[in-house]
Amino acid sequence: MASHAVPASKVKLYAKYLGWGTSAAFVVLGGISIIPIAGFSRYIIGPICVVIGLFMAILEIPVPFIAWMLNFFQDYRFRGVLYVLFCIPAFMSVFTIAPGLGAIATGACYGFAGVFKKEKGTPIERPGKKSAAGAVEGEPDVEAGSSKKGKKKGKSLASQGAAPGVI
């Protein structure tokens with residue numbers, strides 16, 4: 001079977017590096033296409049390509065406080081289709097044809113990894129997400145007494161008992 005010809009990590013690695021290069025090319029060449037050079041300026045396609053390049057960079061280099069919203073695209077099949085769709089505005093300008101071809105190649109690599117290798121990206125957890133125990137991740141568990149300030153049994157004053165001298 002052809003899917004076993006390339007190891008799984010190599011396909012993912014090729015797709016990642018192609019994605020980095022393609023996103024950089026989208027930003028640089030999309031920015032250049034905005035500049036009026038011999039009447040070939042693209043005031044609409046250029047900014048669209050810059051935004052596409054920035055979106056690809058967020059997908060390829062996950063920033064935790066943004067990328068957790070994009071966990072849908074950690075499935076490489078969907079990411080591959082999205083990258084192939086990114087080539088449509090890129091082919092509308094002479095300056096951005098190369099990033100369009102890069103988007104097709106990156107989408108093909110991710111599609112191959114997702115369909116034939118059944119690979120997926122690592123999902124990114126939402127910052128401050130509740131864990132299975134009910135505590136917010138990253139905060140000390142006050143109920144269990146793991147706080148550095150001392151062991152408390154509850155969060156309210158009523159659960160800490162009466163004050164001295166109060167009956």
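**View 1. Alanine 108 in helix α6 of a predicted model.** Alanine 108 is partly exposed, with a relative accessible area of 46%, where partly exposed lies between buried, under 20% relative accessible area, and exposed, over 50%, for a 1.4 Å probe and protein chains only. This residue has its place in helix α6, helices being DSSP runs of H or I with at least four residues and strands runs of E with at least two, numbered from the N terminus. Alanine 108 and glycine 80 are 28 residues apart in sequence, yet their C-alpha atoms are 6.2 Å apart in space. The model is a predicted one, in which local features need pLDDT of at least 70 and side-chain atom pairs count only at pLDDT 80 or more, while totals for chains, interfaces and linings use all residues. Residues are numbered from 1 along each chain as its sequence is written, and side-chain values use heavy atoms, with hydrogens and water left out.

**View 2. Helix α6 and its packing against α4.** Helix α6 covers residues 97–115 and packs with α4 at an angle of about 160°, with the two axes 7 Å apart; the axes are lines fitted to C-alpha atoms, for helices over the stretch in contact, and angles run from 0 to 180 degrees between N-to-C directions. That angle makes α4 roughly antiparallel to α6, a term for angles over 145 degrees. The crossing of α4 and α6 is left-handed, which is to say that the near helix is turned anticlockwise from the far one by less than a right angle. On the α4 side the contact (heavy atoms within 4.5 Å) is made by Tyr76, Arg77, Arg79, Gly80, Tyr83 and Val84, and on the α6 side the residues include Ala103, Ile104, Gly107 and Tyr110. The residues of this contact divide into eight nonpolar, five polar and two charged, where Ala, Val, Leu, Ile, Met, Phe, Trp, Tyr, Cys and Pro count as nonpolar, Asp, Glu, Lys and Arg as charged, and the others, Gly among them, as polar. Among the buried residues of α6 are Pro99, Gly100, Cys109 and Gly114. The 19 residues of α6 should span 27 Å at 1.5 Å a residue, and the end C-alpha atoms are 27 Å apart, which agrees; the expected span is 1.5 Å times one less than the number of residues.

**View 3. Helix α2 beside helix α4.** The axes of α2 (residues 45–60) and α4 (residues 76–85) come within 12 Å and cross at roughly 160°, so that α2 is roughly antiparallel to α4. In this left-handed crossing of α2 past α4, the contact is made by Phe55, Met56, Leu59 and Glu60 of α2 together with Arg79, Leu82 and Tyr83 of α4. The residues involved divide into five nonpolar, no polar and two charged. The buried residues of α2 include Ile45, Cys49, Met56, Leu59 and Glu60.

**View 4. The chain as a setting for the close-ups.** The chain has six helices and zero strands, and of its 167 residues 31% count as buried. Of the contacts in the chain with a separation of 6 or more, 62% are accounted for by residues 24 or more positions apart.

How values were computed:
Parallel < 35°, antiparallel > 145°, perpendicular 65-115°, else oblique.
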